[in-house]
Amino acid sequence: QTRLVESGGGLAQTGGSLTLSCVASGNIFTINSMGWYRQAPGKQRELVAMFTRADGTKYGEFVRGRFTLSRDNAKNTVTLQMKRLEPEDTGVYYCNAAVFDYEMAQSDYWGQGTQVTVSS
């Protein structure tokens, strides 16, 4: 079993910055992908940024160079630095990871979510 623990988030003003971090722990042989989704009220969950071993890092179209996803493979951690925040960035941000365990089974995991609120 793998657990994702998120930290960061909170309240920011338009044009401000926030940083989100996610740590994976548990039965982890390797992480195939890890990153962030978000969900705004009344909207579907959408990709923010995701690193995959096959394709590198991808960002949602709305990011437009404002966010940067970094990872620390040794610590099974990803960090999302968000700059030039806009009110439209408000939502619950979820960490997601696809993990191979030591039994070579792949499973998809989600964090509990962390709220990001950007005031205008």
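The dialogue below takes up a pocket, a core and backbone angles.

Reply: This is a predicted model, in which local features need pLDDT of at least 70 and side-chain atom pairs pLDDT 80 or more, while totals for chains, interfaces and linings use all residues. Residues are numbered from 1 along each chain as its sequence is written, and side-chain values use heavy atoms, without hydrogens and water.

Me: Which residues are the closest to the centre of the largest pocket?

Reply: Rolling a probe the size of a water molecule over the atoms shows where empty space is left. A pocket is an open set of points on a 1 Å grid over the protein atoms alone where a 1.4 Å probe fits, with protein on both sides within 12 Å along at least five of seven lines; lining residues have an atom within 4 Å of a point. Here, 13 residues line the largest pocket, and I31, F51, D72, N73 and N76 are the closest to its centre.

Me: Which residues touch the most other members of the largest nonpolar core?

Reply: A nonpolar core joins buried (under 20% relative accessible area, 1.4 Å probe, protein chains only) Ala, Val, Leu, Ile, Met, Phe, Trp, Tyr and Cys residues through side-chain atoms within 4.5 Å. Of its 28 residues, those are L4, M34, W36, V48, F67, L80 and M82.

Me: Where are R64 and M104 found?

Reply: Most residues other than glycine have a negative phi. R64, with a positive phi of about 50°, is in the loop between β6 and β7; M104, with phi near 65°, is in the loop between β9 and β10. Strands are DSSP runs (E, at least two residues), numbered from the N terminus.

Terms used. Buried means under 20% relative accessible area, exposed over 50%, partly exposed in between (1.4 Å probe, protein chains only). Helices (H or I, at least four residues) and strands (E, at least two) are DSSP runs, numbered from the N terminus.
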